[in-house]
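I am opening my notebook on this entry and will write down what I look up, one topic at a time.

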Amino acid sequence: MLYAVMSGFVAAALLPLLHRFLGERSSLIAALVPLALTVWFATCFSRVASGEVLVSQSSWLPEIHLELGFRLDGLSLLFALLISAIGALVIPYTSAYLHGNPRQHQFVSATLMFMASMLGVVLSDNLVLLFIFWELTSFTSYLLIGFDHEKEESRKAALQALLVTGLGGLFLLAGLLLLGTAAGSFSLSEILRADGALAGHADYTLFLGLILVGAFSKSAQTPFHFWLPNAMQAPTPASAYLHSSTMVKAGVYLLARLNPVLGGTEAWIGWLTAVGVLTLLTGALMASAQVYLKRLLAYTTVAALGFMVMLLGIGSARAVQAAVVFLMAHACYKASLFLVAGIITHETGEADVRRLGGLLRFMPVAGACSVVAAVSMAGLPLSFGFVAKELVYASVLDRLLVFIPAVAASLLFVLVAFQVGIKPFLPGSSDSSGTPHEAPPAMLAGPVILGLACLAGGFFPQAFAGALAASAAAAIQGGPVSELDLQAWHGITPESVASALTLMLGIAAVFATGHWVRIGSAMKPLADFGPDRVYLAELKGLNLLAVWQTRVLQSGSLRRYVAIIVLAMVGLFVLSVLRSGELPILNRNTPLTLPSLILGLLIMLGAIGSMIATSRISAVAALGVVGFCVSLIYVLHGAPDLAMTQLVVEALGAVLLVSAFLNLPSFHDRKRWVGRFRDAVVAILGGLAMTLMTLMANDVQLAPSIAHYFAETSVLLGHGRNIVNVILVDFRALDTLGEITVLAIAGASAVALLKLRMAGKRRS
Amino acid sequence: MGSLILRKATRYLFPVIMMFSIYLLLRGHNEPGGGFVGGLAAASAFILNQLAFDVPSTKRLMNVDSLTLIGVGLLTALGSSVFTLLDGQPYFSSHWATIRITSDWHLSIGTPLIFDIGVYLVVLGVTLAILLSISNFRKSP
């Protein structure tokens with residue numbers, strides 16, 4: 001399974017190379033990857049359906065509980081099949097949709113990366129691994145939404161989706177870590193085995209809340225729903241793949257996956273049902289005001305996701321089965337409708353449903369697919385959507401508070417199905433320039449196959465989807481595979497009566513489309529107060545905060561920087577002394593030798609000299625005295641390496657200071673008394689703190705000294721007699737590497753700053 | 001600056017300091033020295049040249065950009081331990097080869113030396129990068 005997940009990443013990496021030799025044909029070859037994956041997952045089907053869980057484990061970073069563990073059960077298989085199958089249809093579609101676009105291979109490459117990440121999400125057995133793939137899907141989604149990166153809206157929408165799902169991702173990470181700690185394992189298999197035990201855990205509410213925020217933001221639940229319609233800036237293949245059939249269902253997947261361990265509690269049922277219903281209604285209301293194909297579809301996706309979350313919240317065996325079947329039906333018809341919408345816009349250049357019509361004679365195949373998908377979406381009998389809707393109704397009939405929103409949303413589905421899937425093909429005329437054509441076969445393959453799936457699911461639901469849905473539902477419930485009997489027609493039941501009612505109301509609504517749109521537009525100002533506004537305000541606030549803190553902290557005055565650093569150090573020192581309660585008694589009785597005494601006096605003289613110096617050069621000279629005396633102290637205490645380095649640094653430092661002085665303002669500017677007094681306070685505080693710290697450091701021994709170890713092993717292990725150097729380049733090479741990296745960064749930044757200033761000078 | 005005595009002396013001092021810096025680098029494992037102080041010494045040779053002559057001539061003398069030196073140095077230090085990736089030891093485990101010259105005189109050469117050369121190059125590069133660009137700064141209009 002590791003190879004199955006990785007194949008997508010490898011293919012994504014190789015694609016640009018392939019593109020160089022084969023041009024656009026490389027996209028078709030890339031489609032072989034998801035195709036092969038679909039076949040492979042399909043071969044696993046019989047084993048999984050019998051209740052077996054396929055597991056593959058390999059170690060990656062065991063220290064942080066990170067293992068490359070993958071598991072395939074009914075739920076994972078359902079998602080894996082959807083992901084790879086729709087991927088196999090979308091990639092050829094892309095090759096035609098982006099025909100002639102020089103960056104086509106980049107798009108396909110990102111799509112493959114997305115597919116692999118998404119497979120990773122649904123197959124991961126490790127919570128941390130799952131999170132990594134989860135973030136990767138957000139990241140690839142960013143690339144795909146922002147594909148037209150020259151358009152400002154695309155960039156904005158991509159950033160918004162990334163920020164919203166990324167923020168949710170942080171919540172999710174915290175939640176998953178807490179969950180893993182509470183369960184005592186990061187392996188999903190083990191957590192699932194513990195089933196039920198976590199609901200009584202002390203932190204249950206906390207990690208449940210965190211995980212829910214993560215799942216809701218990914219699956220565009222209210223109040224996070226706003227990013228999804230905006231993400232329609234993405235090229236249509238991405239919308240069809242990520243934002244209708246797969247990525248947005250990652251949150252639903254996660255909820256379904258964790259249902260056995262987290263589900264069933266009051267909090268779970270309450271939150272999921274409430275948020276689901278709210279999302280359902282929001283999606284439905286917002287959709288009524290839309291006139292653009294993709295946005296209409298996007299809001300119905302929001303509503304559909306609300307549906308699934310709501311059903312998972314109800315959590316009864318029947319509701320879970322309904323959620324699974326609805327998920328399958330939705331993926332089929334929604335991806336198909338998106339692909340057809342892409343064809344329509346591609347051929348006519350028009351996306352406003354009010355101005356589309358009469359396309360059937362130009363594109364009969366696309367039209368037929370579209371009608372089939374729309375029928376399924378509307379839930380007419382003998383379509384997959386009908387089977388799903390019957391199940392949904394059956395599971396909510398006894399809950400009026402849920403049933404009414406469900407009917408309202410279904411009604412909206414009828415309306416939107418008509419507007420998007422049927423109306424453009426009815427007699428009428430389009431305001432398009434030129435004659436639209438039938439799309440090329442590569443673009444039609446997707447809608448045709450998905451359309452066939454809608455029909456197959458409608459006529460032979462049990463044969464087409466029964467076993468898969470049953471094993472997925474069993475995985476969600478955490479029990480053995482239960483019976484699921486899908487039928488194309490149940491006879492006259494309360495569900496079918498409700499269905500018929502919905503259909504009639506829906507058709508009535510279709511005839512009143514004009515009014516709907518009017519009511520919808522009347523409500524549009526309300527949308528301005530939605531979460532989209534909050535998001536913008538937050539972004540603005542964040543920027544203001546950044547500007548403010550930059551102005552305060554990054555004043556550009558070296559004097560202030562030094563003061564802040566020194567005072568911070570003093571503050572930390574005082575704080576730690578206060579916390580430990582007392583200053584350690586400084587009773588070390590080190591004999592003072594004459595040479596150190598003389599050197600100490602000289603150092604003090606040098607320091608005083610640098611303070612009272614009247615020119616910068618003399619101040620530097622006085623500081624030089626300090627430096628040279630310090631290096632002599634090193635010599636006295638047997639540290640020739642340090643002494644040598646200090647000497648050279650002193651020499652080079654003097655050169656540096658003198659070169660810098662030539663660019664500084666006159667020395668006498670800084671002679672005002674207030675400023676000098678302030679500087680003196682900072683300096684004295686800093687000096688005092690440093691002195692005390694040094695004295696205390698002498699007394700404190702936190703761990704046994706390892707000096708002896710180094711002395712003994714320096715020659716044996718390090719092949720060197722100079723212990724200092726052996727430590728630097730061998731025993732502690734990693735530290736040294738860190739130090740020279742910092743040095744390199746500092747050097748490069750200094751050069752960059754000076755160059756910038758010089759460029760600025762030249763310009764002015 | 002630019003005195004004739006300094007210029008003439010620099011001509012002779014420059015190679016001496018450079019050799020001394022390499023001497024410091026190589027002997028560092030057994031005697032006081034090492035890549036850090038060696039790099040500083042080499043930098044001071046170039047700075048001496050810059051004080052005696054000017055920045056452009058020092059840059060010509062260096063022949064490579066100081067930022068390149070930094071990069072090469074970092075890569076050398078980082079890459080000095082690629083052997084460990086092959087035999088699965090922790091990174092920066094040292095590897096040594098001992099060359100026997102006479103019966104009681106032998107030479108040990110190991111990956112820490114390569115690491116030290118990386119340190120030498122980074123220190124040299126950073127010092128020169130900062131000092132030369134600051135000295136150049138005042139020369140610009």
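How much area is buried between chain B and chain A, and what share of it do carbon and sulfur atoms give? I kept in mind that this is a predicted model, and I found that the area buried between chain B and chain A is about 3800 Å², with 75% of it given by carbon and sulfur atoms. I then looked up which residues of chain B lose the most area to chain A, and these are B:H29, B:F92 and B:F137, which together make up 17% of what that side buries.

Next I turned to the contacts, where I noted that 44 residues of chain B are in contact with 40 residues of chain A. My search for salt bridges between chain B and chain A gave a count of zero, while three residue pairs are in polar contact, both residues being at pLDDT 80 or more. On the side of chain B that touches chain A, the elements giving two or more residues are α2 (35–52), α4 (66–79) and α6 (111–139) of chain B, and α6(B) gives the most, with 16 residues. I sorted the residues of that side into 28 nonpolar, 13 polar and three charged.

My last entry concerns two strands of chain A. I found that β1 (residues 54–61) and β2(A) pair in the antiparallel sense over seven bridges, and that A:V55 has A:R71 in β2(A) as its bridge partner. Four residues lie between the strands in this hairpin, where A:H65 takes a positive phi near 60°. Strand β2 (residues 66–72) of chain A is largely enclosed by the rest of the structure, because six of its seven residues are buried.

Notes: Residues numbered from 1 in each chain as written. Chains lettered and ligands numbered in written order. Predicted model: local features only at pLDDT ≥ 70, side-chain atom pairs only at ≥ 80, totals over all residues. Heavy atoms only, no water. Buried < 20%, exposed > 50% of the residue type's maximum accessible area, 1.4 Å probe, protein only. Pairing = 2+ DSSP bridges. Contact = heavy atoms within 4.5 Å. Buried area = accessible area lost by both parts, 1.4 Å probe. Salt bridge = Lys/Arg side-chain N within 4 Å of Asp/Glu carboxyl O. Polar contact = N/O pair within 3.5 Å; in protein donor to acceptor, adjacent residues only side chain to side chain. Nonpolar A, V, L, I, M, F, W, Y, C, P; charged D, E, K, R; others polar.
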